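Work through the exercises below with the structure in view. Each task is followed by its solution in steps.

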Amino acid sequence: MVTSQDDPFVPFASFFDPALAKNPHIRLIAPERGGHCAFISRYGGDNRFWAEGRVMEFFKELSNDLLNIEEIPEPLGK
């Protein structure tokens, strides 16, 4: 989950709910600023689209984890 602590529509306190906070399958990234879905910098460069960069890092971690699995199971139905 990517949100900002200053989101004017979604209260940050809602992310402290135990169903989210204690779930090992949910990762929360919450910088102090960003507003509501506005993680766009006025500056160019790699961090111009900050949220998109975090999504790509997440998928890179997932793909690296999959490469470290000894055997990848066949999809169901095959």
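**Exercise 1.** State how many aromatic pairs the structure holds, and classify the pairs that Phe12 forms with Phe15 and Phe16.

Solution. The structure, a predicted model, holds 3 aromatic pairs. Rings of Phe, Tyr and Trp (its six-membered ring) pair if their centres lie within 6.5 Å; planes under 30 degrees apart are stacked, over 60 edge-to-face, and the rest tilted.

- Step 1: the ring centres of Phe12 and Phe15 lie 6.0 Å apart with planes at 40 degrees, so this pair is tilted.
- Step 2: for Phe12 and Phe16 the centres are 5.2 Å apart and the planes at 80 degrees, so this pair is edge-to-face.
- Step 3: Phe12, Phe15 and Phe16 together make one aromatic cluster.

**Exercise 2.** Decide for Phe12, Phe15 and Phe16 whether each is buried or exposed.

Solution. Buried means under 20% relative accessible area, exposed over 50%, partly exposed in between (1.4 Å probe, protein chains only).

- Step 1: Phe12 has a relative accessible area of 19% and is buried.
- Step 2: Phe15, at 11%, is buried.
- Step 3: Phe16, at 55%, is exposed.
- Step 4: in the protein chain of 78 residues, 13% are buried.

**Note on the values.** Residues are numbered from 1 along each chain as its sequence is written, and side-chain values use heavy atoms, without hydrogens and water. Because the model is predicted, local features need pLDDT of at least 70 and side-chain atom pairs count only at pLDDT 80 or more, while totals for chains, interfaces and linings use all residues.
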